[in-house]
Amino acid sequence: MVTQPELLELLRIDDPRVRSVYLNSAIDTRRLTLPEPDATGLRRPEPQGELLAKHRRLAIEMGSQALQACLKRAGAALSDLRHLCCVTSTGFLTPGLSALLIKELGIDPHCGRSDIVGMGCNAGLNALNVVAGWSAAHPGELGVVLCTEACSAAYALDGTMRTSVVNSLFGDGAAAVALVSDRPGESRPGPRILKFASFLITDAIDAMRYDWDSDLDRFSFFLDPQIPYVVGANAETVIDRLLAGTGLRRSDIAQWLVHSGGKKVIDAVVVNLGLTRHDVRHTTRVLREYGNVSSGSFLFSYERLVEEGVTRPGDYGVLMTMGPGSTIETALVQW
């Protein structure tokens, strides 16, 4: 783990404007895998090939740990796994991460698998939708959503404000969640997924990008400064759609698990949905302790909600993620 002030020193960042971005991010610590310093103590930008190799190594390492921890919490073993859906947006792998993990961990090669690549920070809920559908068709069988984001493998070190905004925000992390649909007559503990709703904000399709930068000769992130306002302005639209036909109002939602996209993004969602700071307590804690860990952020919050032990049977919850497109993904659950 590295603190924001420590990172400023490691990267030798002196520009007061850039330092302000880091120090006012509402982030205390993050997990990062930085390039080793050279003989002069400087950390040089890594070429794209080295970044891809870093992504593969970290994705397998972090993914293996998160998957095994998830199965342990579920009281299951690797041999029980029937479908593995892997999410990653910080590198490209063929074969996909699911295949690499099946080989690495000795999982049954007949295990079903899917890989969600390139959908960004919202992709964890896209994966949950996929596995929920698979689970409904295979009651009693175990599926897992695994989000593994090696954001260090997408870092550029060029000193620009565009890069500084990205580098001040994202961290490495992996998280997983297990799903099992009830067989007839069964009733398992834990939340049930009731509904999904999505909204693609086509007018802002280029506002969040990870594409080729010819000047740097590598891929790099772009985040439009208007992102928080775009997300906030459209949050009500997708939440209203999610709750439509359920008889529920926003005030009926006991638990909100919102993507830790950044301080301004969280604030925009809170204001536009009329939430309280308590509603997003796990979201802000994850941002503070880990930064934005992309697709896995909402699962970090879910883990903290489980640890808190405050949910009651019948409680409703909303999961909400945001990412490139610009896209807002939501799910309605009930305990």
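Which residue of β6 is the bridge partner of Cys147? I looked this up first, and the partner is Ala175.

**Basis.** I am working on a predicted model, in which local features need pLDDT of at least 70 and side-chain atom pairs count only at pLDDT 80 or more, while totals for chains, interfaces and linings use all residues. Residues are numbered from 1 along each chain as its sequence is written, and side-chain values use heavy atoms, with hydrogens and water left out.

**Sheet with β5 and β6.** I took helices (H or I, at least four residues) and strands (E, at least two) as DSSP runs, numbered from the N terminus. I counted two strands as paired if DSSP finds at least two bridges between them. Strand β5 (residues 142–149) pairs with β6 in the antiparallel sense, over seven bridges. Both belong to an open sheet of four strands in the order β4-β3-β5-β6, with mixed pairing. I find β4 (112–117) and β6 (173–179) at the edges; each has a single partner strand, so one side of each is left without a neighbour in the sheet. From one strand to the next the twist averages 15°; for angles, axes are lines fitted to C-alpha atoms (for helices over the stretch in contact), and the angles run from 0 to 180 degrees between N-to-C directions.

**Sheet with β10 and β11.** I noted another open sheet of four strands, in the order β7-β12-β11-β10, again with mixed pairing. Its edge strands are β7 (192–200) and β10, each of which pairs on one side only. The twist here averages 15° from one strand to the next. β7 and strand β12 (residues 327–334) run antiparallel and are joined by eight bridges. In that pair, Ile193 stands opposite Val333 of β12. β10 and β11 run parallel, joined by five bridges, and Gln255 stands opposite Gly317 in β11. I also checked the cover of strand β10 (residues 253–258): five of its six residues are buried, where buried means under 20% relative accessible area, exposed over 50% and partly exposed in between (1.4 Å probe, protein chains only).

**Hairpin β8–β9.** β8 and β9 pair in the antiparallel sense over six bridges, with Met208 opposite Leu223 in β9. The two strands form a hairpin with four residues between them. In the turn, I noted a positive phi of about 60° at Asp217.

**Second largest pocket.** Which residues lie nearest the centre of the second largest pocket? I list Val165, Val166, Leu169, Phe170 and Leu223, out of 43 lining residues. Elements that give two or more residues to this lining include α6 (161–167), β8 (208–213), β9 (218–223) and β11 (316–323). The space in this pocket comes to about 1100 Å³. I used a 1 Å grid over the protein atoms alone: a cavity is a set of points where a 1.4 Å probe fits but cannot get out, a pocket is an open set with protein on both sides within 12 Å along at least five of seven lines, and lining residues have an atom within 4 Å of a point. Grid points are joined across faces, edges and corners, and a volume is the space filled by probe spheres set on the points. The lining divides into 23 nonpolar, 15 polar and five charged residues; Ala, Val, Leu, Ile, Met, Phe, Trp, Tyr, Cys and Pro count as nonpolar, Asp, Glu, Lys and Arg as charged, and the others, Gly among them, as polar.

**Cavities.** How many cavities of 30 Å³ or more does the structure hold? I find two. The largest cavity has about 60 Å³ of space. Its lining consists of Ala154, Ala156, Arg162, Thr163, Val166, Asn167, Ser220 and Phe221. α6 gives the largest share of that lining, four residues. By class, the lining has four nonpolar residues, three polar and one charged. For the second largest cavity I have a volume of about 40 Å³, with Glu46, Lys54 and Tyr155 among the lining residues. That lining divides into five nonpolar, two polar and two charged residues.

**Cysteines.** I searched the whole structure for disulfides (a pair of cysteine sulfur atoms within 2.5 Å) and found zero. For Cys121, the nearest cysteine sulfur is that of Cys151, 7.2 Å away. Cys121 counts as buried because its relative accessibility is 9%. Cys151 is buried too, at 0% relative accessibility.
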